[in-house]
Each structure stands twice: as C-alpha cells, then as structure tokens.
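Please read them alongside the coordinates.

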Amino acid sequence: MDSLITAAALALAAGDPLGALDRIALREDAPALALRGIAMAQLGDLDRAKLLLRRAVRGFGPKEAVARARCIVAEAEIALVSRDLGWPAKALDAARATLEKHGDRLNAAHAGHLEVRRLLLIGRLDEAEFVLAGLDPGPLPPASRAAHELAVAGIAMRRLKTRKARTALEWARHAARQAGIPGLMAEVDSAFLALETPAARLIAQGEERPLLLEEVEALQASPALVVDTFRYAARKQETTVSLATRPVLFALARALAEAWPGDVPRATLIARAFGGKHADESHRARLRVEIGRLRAELRTLADIGATKRGFALAPRHAGEVVVLARPIEERHATVLAFLADGESWASSARALALGAGQRSVQRALEQLAEAGKVQSFGDGRARRWMTPPVAGFTTTLLLPAPLPTG
C-alpha cells in the first residue's frame with residue numbers, strides 16, 4: 001500500500017473525507033476507488049459512493065479477499081444509512097467471516113455493529129443482543145468503541161433499561177471525544193436526547209403529564225394497573241392482557257381508565273367505542289355485550305361495575321389506574337416514528353421494519369403527506385419519504401419491539 005493510500009485511509013478514519021480526497025481524487029486503481037467511495041459516503045453523496053465501491057470490488061483481484069470484504073462492509077453501511085433494509089444481509093455475514101478469518105478484527109467488528117443496527121431498526125432485539133454479545137469491545141479503537149456502546153444503549157432503551165442505557169452512552173461519549181469525530185459526537189448527543197425528552201404521556205384521574213423513558217420504566221414495575229396505548233394492552237407488573245385484536249374492548253378500557261376512580265356515562269362509552277353520536281337502544285344493548293366481554297378479559301386485573309350513569313373500573317390489588325398514552329395522538333404514529341430519525345425511507349423498507357404490507361404503508365404515507373406531516377422526493381422505486389423529528393418527544397416507544405412487562 002503506497003503512502004497516499006495510507007494517508008487517505010488515516011484521514012477517513014479521523015473523519016476527514018476532504019483530506020482523503022485531496023490525496024486520491026484523480027486515481028482510478030481499486031484501493032483508491034474504495035477510499036473515494038467511503039469519502040463520498042461521509043460527505044453524503046451515497047449514490048456516487050455505491051458506484052465507486054462496486055467499481056472497487058470489481059477491480060480487486062481474486063487474491064484480495066480482504067479488500068473486497070471491506071468494500072462490501074462499506075456498501076452495507078451505505079445501505080443502512082439509506083434505509084435499504086432489503087440489502088442482502090448474507091453478503092455482510094460472508095464479508096464479516098472473511099475478515100475474521102484473515103485477522104481483520106476491527107472491520108469484522110464494524111460489520112457486526114452494522115448488523116446489530118439493522119436488527120434494531122426492524123425490532124429484532126433478541127437477535128441484535130446475540131450478535132452484540134459476540135463482539136469484544138476491549139481491543140477496539142475509540143470510534144469503534146463508541147459505535148459498540150451506542151448499540152448497547154439502543155438495545156437497552158428499547159428494553160426500557162434506562163440505567164444501563166445511560167451508562168453505555170457515557171462510555172460512548174467518552175470514546176467519541178477520544179476519537180475526535182464531530183459526527184460521532186453528534187450521534188451520541190442525539191441518543192442522550194432520547195433519554196432526556198418525553199417518550200409518553202401519563203393520564204390519571206383526569207390529569208395528564210409527560211413521562212421520560214426512565215419514568216415509563218418505573219411505571220412498568222409499579223403496582224398500578226396500566227392501560228397501555230403503545231401495545232394495546234392492560235398490564236399490572238408481569239400480568240398482561242392483550243387487546244391488540246379487540247379495538248372496541250381497548251377503547252372501552254381506555255375510557256374507563258381515564259375516568260378512574262369515577263365512572264363513564266353510557267353515551268360517552270358508546271361514542272368512544274362505536275363512534276355513535278346518538279345512543280339508542282341497540283347501541284346500549286351492544287355496549288352491555290362488549291362490557292361483558294371486557295369484564296371477562298380483565299377478570300384477573302379488574303372488575304367493571306355498573307353505575308346509575310354508566311360503568312366504572314374497579315382494579316384488583318392495584319393502587320391506582322393510569323393510561324400510558326402515546327406522545328402524539330396520530331393514527332399513523334408508528335410510521336412517523338421511523339421518519340423521526342431524519343433519514344429518508346423507502347416505503348418498502350418501512351414495511352419491512354413494521355412487518356406490514358407495503359401497500360398499507362404507502363396508503364399511510366399518502367395520508368400523512370396530504371396532512372402535510374411528511375414529504376417525498378423521487379419517483380417510482382427511488383421515491384423516498386422523510387420528515388423532521390417530532391418536536392419535544394422521543395419516539396423510542398413507538399418503534400417495533402416487545403415492551404417489558406415489569
């Protein structure tokens with residue numbers, strides 16, 4: 001490797017893509033193409049970066065397996081930033097195996113961190129933890145150590161383990177400062193912001209207040225009966241009753257929980273659950289049936305008693321009843337949560353992350369665009385969607401993952 005290639009590589013490692021391009025911008029050999037691709041990726045020209053990296057892969061000979069593997073890892077990182085979640089993960093696994101076989105532990109660890117970030121995006125936390133457990137952060141340089149701790153913090157926040165997340169972010173901040181890379185320090189600061197801004201709203205006894213992630217964690221462990229609008233469930237510590245497939249029952253449960261310890265008039269329950277503006281005898285009969293079904297579902301957590309005006313919730317062995325509400329009351333809040341990272345997403349990638357049909361995601365995006373909440377650019381398969389972050393809230397709880405029960 002000649003001195004210009006070495007100097008360009010060191011500049012890229014220090015987060016100085018312009019310094020790297022000063023040395024190799026006019027060269028067309030495979031190592032220079034690879035470094036130019038990485039530099040263009042750091043500058044934000046991802047399309048040009050992908051072309052350069054693919055040219056570099058073709059330029060490396062069959063005996064240069066490590067160099068080809070490094071290019072594949074760089075292309076995988078571009079795919080992740082571009083939210084191209086359909087990029088072949090097997091190619092990254094093969095590249096990582098090649099790097100480990102040839103002793104390039106640093107780039108092998110980087111490939112592992114990319115896989116963890118991808119798994120986090122699609123809510124596969126168990127798999128992300130498994131991959132992360134196989135990565136030893138001890139010998140990593142500061143920049144890679146910061147990436148490792150960011151992955152640890154990301155999983156911990158999704159698991160609602162805020163103390164572990166905060167500790168990991170402190171390590172990440174220290175490592176990022178050692179590395180001296182401004183973009184990395186900004187990423188750590190952004191992760192800290194998720195711990196320091198409201199993630200949900202608490203509705204109890206007719207009052208409402210915002211909750212931080214650590215307060216949500218404390219609520220999960222408290223003896224309160226929680227009606228959870230994120231997972232459409234009622235829970236008390238480790239006991240959970242899912243109402244995700246029973247929207248009418250969940251609407252009734254939420255209305256009763258919001259009014260606790262008071263009751264809710266029958267007309268209000270009919271309006272909340274059925275959308276009926278004028279309650280007639282058929283509505284009241286249906287309400288009695290649905291209340292009976294809800295009473296059966298919640299029998300281990302609470303009873304529902306009739307009053308002169310309507311119905312009231314009576315928790316069993318719980319100190320209070322609260323509603324854990326979403327930070328924004330938006331039908332497509334989960335779709336907005338993915339866009340809140342400031343990156344541009346294809347509808348196919350968002351469907352993969354949500355585990356939903358692409359057409360349903362496209363309809364949601366079109367409705368959000370009509371409301372002025374998202375914007376798109378490009379056409380056809382190149383169309384991308386984005387929006388600024390939701391002001392004043394972190395969307396951690398809206399992302400797909402099983403919410404802890406206690």
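1. Pro 261 sits in the loop between α13 (247-259) and β6; here helices (H or I, at least four residues) and strands (E, at least two) are DSSP runs, numbered from the N terminus. The peptide bond that leads from Trp 260 to Pro 261 is cis, its omega being near 5 degrees. Gln 205 is placed in the loop between β1 and β2. As background, most residues other than glycine have a negative phi, and most peptide bonds are trans.

2. On provenance, this is a predicted model, in which local features need pLDDT of at least 70 and side-chain atom pairs count only at pLDDT 80 or more, while totals for chains, interfaces and linings use all residues. Residues are numbered from 1 along each chain as its sequence is written, and side-chain values use heavy atoms, with hydrogens and water left out.

3. Three strands make up an open sheet with antiparallel pairing, in the order β6-β8-β7; two strands pair if DSSP finds at least two bridges between them. Because β6 and β7 stand at the edges with a single partner strand each, one side of each is left without a neighbour in the sheet. From one strand to the next, the twist averages 25 degrees; axes are lines fitted to C-alpha atoms, for helices over the stretch in contact, and angles run from 0 to 180 degrees between N-to-C directions. Helix α14 (residues 266-274) packs on this sheet and touches β6 and β8, its direction making about 80 degrees with that of β6; contact means heavy atoms within 4.5 Å.

4. The bridges of this sheet can be followed residue by residue. Strand β6 (residues 263-265) runs antiparallel to β8 (residues 310-315) and is joined to β8 by three bridges; Asp 263 has Ala 312 as its bridge partner in β8. Strand β7 (residues 302-306) is likewise antiparallel to β8, with five bridges joining the two. On this side, Asp 303 is the bridge partner of Ala 314, Ile 304 is opposite Leu 313, and Gly 305 is opposite Ala 312. Three residues lie between β7 and β8, which form a hairpin.

5. Another open sheet has six strands in the order β2-β1-β9-β3-β4-β5, and its pairing is mixed. Its edge strands, each pairing on one side only, are β2 (207-211) and β5 (239-242). The twist here averages 20 degrees from one strand to the next. Within the sheet, β1 (residues 200-204) and β9 (residues 321-325) pair over three bridges in the antiparallel sense, with Leu 202 opposite Leu 324. Helix α12 (residues 213-221) lies across β1, β2, β3 (225-228), β4 (233-236) and β9, and runs at about 115 degrees to β2.

6. How many cavities of 30 Å³ or more does the structure hold? There are two; on a 1 Å grid over the protein atoms alone, a cavity is a set of points where a 1.4 Å probe fits but cannot get out, and lining residues have an atom within 4 Å of a point. The largest cavity has about 110 Å³ of space, a volume being the space filled by probe spheres set on the points, with grid points joined across faces, edges and corners. The elements giving two or more residues to its lining are α5 (65-81), α6 (89-101) and α7 (105-121). Among the lining residues are Ala 76, Leu 80, Trp 87, Leu 92, Leu 114 and Arg 118. The lining divides into eight nonpolar, no polar and three charged residues; Ala, Val, Leu, Ile, Met, Phe, Trp, Tyr, Cys and Pro count as nonpolar, Asp, Glu, Lys and Arg as charged, and the others, Gly among them, as polar.

7. The count of salt bridges is 24, the criterion being a side-chain nitrogen of Lys or Arg within 4 Å of a carboxyl oxygen of Asp or Glu. One of them joins Glu 75 to Arg 54, whose closest N and O atoms are 3.0 Å apart. Since Glu 75 lies in helix α5 and Arg 54 in helix α4 (residues 46-59), this pair ties together parts that are 21 residues apart in sequence.

How values were computed. On a 1 Å grid over the protein atoms alone, a cavity is a set of points where a 1.4 Å probe fits but cannot get out, and a pocket is an open set with protein on both sides within 12 Å along at least five of seven lines; lining residues have an atom within 4 Å of a point.
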